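Here are some notes to read alongside the model. Keep the structure open and look up each residue as you go.

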Amino acid sequence: MGWPNVFLLVAALTGQAAQLPPPFPRPGTTQLLENDAVAVWNVSWLKQQYPLHTHRYDLVGVSYVEGDRIITQGNAPGRLVTTKAWVFQTNRANVTHVEEGASDPPMRAVLIEVKTAAPRAPAEEPANSLRQVAGAPAWENDRAAAWVVMSGSAGPTHRHLGDAVELVFDGSTTPKATFVPAGTVHAGPTPADGGRAYIFEIK
């Protein structure tokens, strides 16, 4: 049994998972924004083993640089995970595991921690909701839906049913994140040439 498995087993046997640190902040990670609804992190998986941690919140996001990670959870051996760029990412609150970067350059992603404990109550969508004006989302689960805006186009004028996070990738080293409160009516985002944008609407 490797050291990550030992740490996981000890945490499980002692019931200390609730006292373990959260996944962020940590080396290779910077915070892009935080408020009462979300925390948004620009994450790089460096070639090091990160401490055993427990996710406090449900998490959604998207990778933007391909790379490898080793993820160890429970008593299972660590598994090597290769992630391509522009793959949607998700994790659940209360997951406890160990992560280790395993590639150079490292995998990079923008991850959004959703601070609300449960999705909002379903509501009728107005004619100018994102789903009505932009069509079906590119990705969706029970905590968020995401739309992609590619270079050469712009997000149509729309109303947000829930709080939203817009991510813009324009080739710079740091993606840009903007929080948009529920009820906002606006257009965009509009990515630069060669860039792309993602609209994550929280449920």
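How many aromatic pairs does a search of the whole structure find? We will start there, after a word on the model. The model is predicted, so local features need pLDDT of at least 70 and side-chain atom pairs count only at pLDDT 80 or more, while totals for chains, interfaces and linings use all residues. Residues are numbered from 1 along each chain as its sequence is written, and side-chain values use heavy atoms, with hydrogens and water left out.

1. **Aromatic pairs.** The search finds 10 aromatic pairs. Rings of Phe, Tyr and Trp (its six-membered ring) pair if their centres lie within 6.5 Å; planes under 30 degrees apart are stacked, over 60 edge-to-face, and the rest tilted. One of the pairs is Tyr-64 with Phe-169, which is tilted, at 5.2 Å centre to centre and 45° between the planes. Tyr-64 belongs to strand S4 and Phe-169 to strand S13, so this pair ties together parts 105 residues apart in sequence. Strands here are DSSP runs (E, at least two residues), numbered from the N terminus.

2. With a relative accessibility of 6%, Phe-169 counts as buried. Buried means under 20% relative accessible area, exposed over 50%, and partly exposed in between (1.4 Å probe, protein chains only). Phe-169 and Tyr-198 have ring centres 5.9 Å apart and planes at 90°, so this pair is edge-to-face. Tyr-198 lies in strand S16, so the pair with Phe-169 in strand S13 ties together parts 29 residues apart in sequence. Phe-169 and Tyr-198 also belong to one aromatic cluster, along with Tyr-64, Trp-86, Phe-88, Trp-139 and Phe-200.

3. **The nonpolar cores.** A nonpolar core is a set of buried Ala, Val, Leu, Ile, Met, Phe, Trp, Tyr and Cys residues joined through side-chain atoms within 4.5 Å. The largest has 19 residues, and those with the most contacts inside it include Val-40, Ile-112 and Phe-169. Among the elements giving two or more residues to this core are strand S2 (38-44), strand S9 (108-114) and strand S13 (164-169). A second, separate core of nine residues includes Ala-39, Val-43, Ala-109 and Leu-111.

4. **A buried Glu.** Is Glu-99 buried or exposed? Glu-99 counts as buried, at 5% relative accessibility, and is found in strand S8 (residues 96-101). Its side chain makes a polar contact of 2.9 Å with that of Arg-26. A polar contact is a pair of N or O atoms within 3.5 Å; within protein, one must be able to donate a hydrogen and the other to accept it, and residues adjacent in sequence count only if both atoms are side-chain atoms.

5. **Charges over rings.** Arg-69 lies over the face of Trp-45, at 5.0 Å from the ring centre. Arg-196 lies over the face of Trp-86, at 4.1 Å from the ring centre. The rule asks for NZ of Lys or CZ of Arg within 6 Å of the ring centre and within 35 degrees of the ring normal.

6. **An open sheet.** Four strands form an open sheet in the order S3-S8-S5-S6, with antiparallel pairing. Two strands pair if DSSP finds at least two bridges between them. Strand S3 (53-54) and strand S6 (79-83) are at the edges, each with a single partner strand, so one side of each is left without a neighbour in the sheet. Strand S5 (residues 67-72) is joined to S6 by five bridges, and the bridge partner of Arg-69 in S6 is Val-81.
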